[in-house]
Amino acid sequence: MIVDSAAAFDVRDYLRKEMMPHFLCPGCGHGIALRALLWAIHELGIDKDKLAVVSGIGCAGRLSAYIDANTFHVSHGRPLAYATGLALARPDLHVVVITGDGDCLAIGGNHLIHACRRNLKLTCLMLNNEVYGMTGGQVSPTTSETRLTTTTPLGNSEPNFDACALAAAAGASFVGREVTHHVPKLKELIRSGLAHPGFAFVEVLSDCTEIFGRKNELGSSAEMVLRQKSDLRPSAYRDTVDTPFRSNDLPTGVLTKTERPEYGTAYRKAAAAQRVNTAARPSAGANKGDA
Ligand SMILES: Cc1ncc(C[n+]2csc(CCOP(=O)(O)OP(=O)(O)O)c2C)c(N)n1
Ligand code: SF4
């Protein structure tokens with residue numbers, strides 16, 4: 001069903017009301033990201049029957065259950081693998097993956113680099129809250145150094161991944177990052193990713209208020225979102241904030257956009273050529289018993 005994209009965006013048009021109340025903690029950044037995604041889908045006029053959302057396990061992964069579309073809640077770390085099969089078999093669908101930093105970069109890291117390399121048309125929305133939220137707050141590949149988690153009680157001493165740099169290095173043709181603090185900008189970035197004719201990797205700097213925030217004494221949910229202006233994040237706010245940036249501050253916006261052959265198109269072309277060659281062979285179509 002297509003919701004009239006000229007009408008004002010109402011998030012309730014895209015949610016499964018029977019799934020309410022949702023399970024997110026108050027102030028969780030993942031809810032803001034979900035709203036931005038649905039807003040972008042609305043503006044692009046994507047038919048809900050033609051939208052397929054695949055997600056892994058985690059608080060981020062749980063989001064697909066709330067979307068009123070074709071949704072697949074699959075095994076931990078594997079949403080890109082499922083989405084790859086789906087997008088290849090059904091090029092008429094808009095395939096979106098929602099994944100967490102643990103789901104996408106730890107157990108699912110291998111799938112991510114190959115999805116970037118392959119350039120199949122799908123959008124991967126990675127919600128980075130620097131922690132394994134759902135399982136109680138273990139360290140993740142994006143946890144900043146010195147941060148406290150349940151598995152780094154003395155502070156994390158592993159260097160963290162720059163997920164966008166990783167995706168770009170692996171060949172992703174669209175890479176972007178945004179904070180949840182600025183919802184219209186986040187919506188615009190996701191919209192550009194959805195419209196991109198290849199693999200789009202969008203990192204959302206989200207917040208796990210309840211577990212990561214509490215453990216690191218980062219204040220209330222609102223304070224955590226405001227901190228995105230001055231803490232880990234934001235080239236977007238570089239000119240507007242006088243607080244010094246931490247050394248690992250990350251650029252935001254569209255970071256990579258290149259044109260490369262789309263894998264699904266190339267694959268279908270090769271398969272069609274193979275069918276023509278097979279049909280042209282003299283023995284083609286003969287029954288085994290004819291020989
Ligand atoms: C194969 C497998 N290993 C481990 C788990 C346990 N597990 C569930 S969610 C999760 C981490 C989720 O973290 P992340 O992807 O960052 O999402 P968040 O909850 O922070 O949004 C883990 C380790 C699992 N369900 N399956
Ligand atoms: S545990 Fe963290 S990531 Fe999960 S819903 Fe609560 S605030 Fe969000």
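**Exercise 1. A residue of a helix**

In which helix does Ile32 lie? Determine also whether Ile32 is buried or exposed.

Solution. The model is a predicted one, in which local features need pLDDT of at least 70 and side-chain atom pairs count only at pLDDT 80 or more, while totals for chains, interfaces and linings use all residues. Residues are numbered from 1 along each chain as its sequence is written, and chains are lettered from A and ligands numbered from 1 in the order in which they are written.

Step 1. Ile32 lies in helix 1. Helices (H or I, at least four residues) and strands (E, at least two) are DSSP runs, numbered from the N terminus.

Step 2. A residue is buried if 20 or more other C-beta atoms lie within 10 Å of its own, exposed if 12 or fewer, and partly exposed in between, with C-beta atoms placed from the backbone. Ile32 has 22 other C-beta atoms within 10 Å and is therefore buried.

Step 3. Two residues are in contact if their C-beta atoms, placed from the backbone, lie within 7 Å. When neighbours within four places in sequence are left aside, Ile32 is in contact with Thr180 and Val183. Ile32 and Thr180 are 148 residues apart in sequence, yet their C-alpha atoms are 6.3 Å apart in space.

**Exercise 2. The whole chain**

Describe the make-up and extent of the protein chain.

Solution. Step 1. The protein chain has 9 helices and 9 strands. Of its 291 residues, 44% count as buried.

Step 1. A compact globule of 291 residues would have a radius of gyration near 19 Å, and the 21 Å of the protein chain agrees with this. The radius is taken over C-alpha atoms, and the globule rule is 2.2 Å times the number of residues to the power 0.38. Along its principal axes, the C-alpha trace spans about 80 × 45 × 35 Å.

Step 2. Among contacts with a separation of 6 or more in the protein chain, 68% come from residues 24 or more positions apart.

Step 3. The protein chain is divided into domain 1 (11-260) and domain 2 (262-291), with bounds that come from an automatic or database domain assignment. Domain 1 gives 9 residues to the contact and domain 2 gives 4 residues.

**Exercise 3. The nonpolar core**

Which residues have the most contacts inside the largest nonpolar core?

Solution. Step 1. A nonpolar core is a set of buried Ala, Val, Leu, Ile, Met, Phe, Trp, Tyr and Cys residues joined through C-beta atoms within 7 Å. The largest such core has 67 residues, and those with the most contacts inside it are Leu37, Val97, Cys124, Leu125, Ile190, Phe199 and Phe201. Helix 1 (residues 29-43) gives the most to this core, with 9 residues.

Step 1. Beyond its neighbours within four places in sequence, Phe201 is in contact with Cys116, Cys124, Met126, Ala167, Ala172, Phe174 and Val175.

**Exercise 4. The two ligands**

Solution. Step 1. A residue is near a molecule if its C-beta atom, placed from the backbone, lies within 6 Å of it. Of the 19 residues around ligand 1, Gly58, His76, Gly100, Gly102 and Gly133 come nearest. Helix 3 (101-106) and strand 5 (131-132) are the elements that give two or more residues to this shell, and helix 3 gives the most, with 3 residues.

Step 1. Ala, Val, Leu, Ile, Met, Phe, Trp, Tyr, Cys and Pro count as nonpolar, Asp, Glu, Lys and Arg as charged, and the others, Gly among them, as polar. The shell around ligand 1 divides into 9 nonpolar, 8 polar and 2 charged residues.

Step 2. Around ligand 2 are Leu24, Cys25, Cys28, His30, Cys59, Asn129, Gly133, Met134, Cys208, Thr209, Glu210 and Ile211. This shell holds 7 nonpolar, 4 polar and 1 charged residues, and its largest share, 3 residues, comes from helix 7 (residues 209-215).

**Exercise 5. Backbone angles**

Where is Glu130 found, and is it buried or exposed?

Solution. Step 1. Glu130 lies in the loop between strand 4 (122-128) and strand 5. Glu130 has 25 C-beta neighbours inside 10 Å and so counts as buried.

Step 1. Phi of Glu130 is near 70 degrees, a positive value in a residue other than glycine. Most residues other than glycine have a negative phi, and most peptide bonds are trans.

Step 2. The peptide bond from Met20 to Pro21 is cis, with omega near 5 degrees. Pro21 is found in the segment before helix 1.
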